[in-house]
Amino acid sequence: MIATRRNFIKLSATAGAAVSLGLSPRRLFAAATNQPAKSLNILILGGTGFTGPYQVRYALSRGHKVTVFNRGKTHPGELPKEVEQLIGDRDGQLDALRNRKWDVAVDNPTTLPAWVRDAAQVLKGNVERYVFISTISVYADTSKGVDENGALAKYDGPDAYKETLEAMRASGYKTYGPLKALSEQEAEKAFPGRTLIIRPGLIVGPHDETERFTYWPVRIDRGGEVLAPGDPKDPVQFIDARDLAEWTIRMVEDSEIGTYNATGPAKPLGISGMLDGIKNAQNSKAKFTWVPADFLQQQKVEAWSDMPVWTGDESGMARTNISRALGKGLTFRPLAETASDTLSWFKSRPPERQMKLKAGLTSEREAEVLAAWHQRKA
Ligand SMILES: NC(=O)c1ccc[n+]([C@@H]2O[C@H](COP(=O)([O-])OP(=O)(O)OC[C@H]3O[C@@H](n4cnc5c(N)ncnc54)[C@H](OP(=O)(O)O)[C@@H]3O)[C@@H](O)[C@H]2O)c1
C-alpha cells in the first residue's frame, strides 16, 4: 500500500476496532486498505461460463493467482492472459489436476455427486479448502421461505455418473436440486470442516444465457402495454452474477466455511417493485397490465418460464432467508445497474440472437393473453 497520510489516518482509525476484535496486523492492514490479507492460489473448476469469468476477473483484481479447469469449449480465447487454463473433463479426465497445489478450489459446474467425488480424489491433500456452488433448489419444501437449516430434497436413485445424468435428463431436471444436495454432502465428506457451500437463487445480469431476468429489461425497453404477472406484491428474489462472484471470492479470502443462501435483494421486493425499478432505470413509457395468477393459469402461461423471475404458487422460492449471508458481507448493486447492464449486453448480441429470447412470452402470445384478459374484464 502506498504510505499516504490518508492511509495512515485510515489505519490508525481502524486499529482501535481491530484490537478490540482481536484482528492480526495482517487482517488490520486488509481492513484498512480493503484488500485481501493474503494473495491466494485459487483453482476454479469451470470459470468460463456465466459466473466464472466474474470470479476470475475479481480474483485477479485482488491480487490472487487463478487457474481454471474446463474442457476449453465454452467461450474459448476469452480468458485474461494471467490465468492458467488446465484442460480436462469432469467426466473422467482429471489428469491435469494431479500433483498440483492450491489454497482453495471453487467448484462451479457440478450437478452430479460423482463429479465431486472424482475431483476430490485427485485434489485431496493438495487443496486446503473446497467451495461448492450449489443452489436454493436443494430444499425439500419450496412452499415457504427457508433458511440454511431447511430439510433437503432426497435423491435415492443410482448415483454413478452416467445413471445420474440419464435420470436427471429423464426427469426433466427435477432431480437437479436433490443431486446438488448430494453433491454438497460429497464435498463435505471429502473436505470435512473445510467446505464452503454457497446456495444461489436465480443468477442474473449480463452474459446470462438463460435470459430469464433479461426478458424484463428487453420487454420493458420495447414499451407499450406489458403483461405483468400475478399480484404486484408477489415476492421476487435474484442475484446479479457479479455480486455473487465478488462475494464468493471475498468469502474465500476470509477462509469462510459453512453453508449460505445467496440471493437478493437485501430487503423483500415485490414483482411490481422489480418491474417499476427496471422501467425507471430505462426511462421507459411502458404500461403494466396486471393479470391475476388464476387467469394466467387458464391461459397456460407458466410462472418462471413464460413469466420469468415470478414464481407464481411457489412463492417460497422467492422468500429464501439470506440473513446469514448478509451477516458475512453479501452486498448488492442497485437494480437499475443490473437492468441497464443486462439490456446493454443483450443489445450487443448478434441480431439473430436478439430475434427471440430464450425465456418469456413472444410478443404475439403476450398480445393474445392481454386481449383475452381485456375481453374477460369487459
Ligand atoms: N443460473 C442460475 O440461475 C443458477 C441458480 C442457482 C445455482 N446455479 C449454479 O451456479 C453454478 C453456475 O455455474 P456457471 O455456469 O456460472 O459457472 P462457470 O464456471 O462460469 O461455467 C461453467 C464451466 O464449467 C465448464 N464445464 C462444463 N462441463 C464440464 C466438464 N464436463 N468438464 C469440465 N468442465 C466443464 C465450462 O467450460 P467447458 O464447457 O469449456 O468445459 C465452464 O467453464 C452452477 O453450479 C449452477 O448449478 C445457477
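Analyst: What follows describes the sheet, then the helices. This is a predicted model, in which local features need pLDDT of at least 70, side-chain atom pairs count only at pLDDT 80 or more, and totals for chains, interfaces and linings use all residues. Residues are numbered from 1 along each chain as its sequence is written, and side-chain values use heavy atoms, with hydrogens and water left out.

The average pLDDT (the predictor's confidence in each residue, from 0 to 100) is 91 for the protein.

The open sheet has seven strands, ordered S3-S2-S1-S4-S5-S6-S10, with parallel pairing. Strands (E, at least two residues) and helices (H or I, at least four) are DSSP runs, numbered from the N terminus; two strands pair if DSSP finds at least two bridges between them. Strand S3 (84-87) and strand S10 (258-262) are at the edges with a single partner strand each, so one side of each has no neighbour in the sheet. On average, neighbouring strands are turned by 20 degrees against each other, direction ignored.

Within the sheet, S4 (residues 102-107) and S5 (residues 127-133) run parallel and are joined by five bridges. Val 104 has Arg 129 in S5 as its bridge partner.

Two helices lie across strands of the sheet. Helix H3 (residues 51-61) lies across S1, S2, S4 and S5, at about 160 degrees to S2. Helix H8 (residues 241-253) lies across S1, S4, S5, S6 and S10, at about 165 degrees to S6. These angles run from 0 to 180 degrees between N-to-C directions, with axes fitted to C-alpha atoms, for helices over the stretch in contact (heavy atoms within 4.5 Å).
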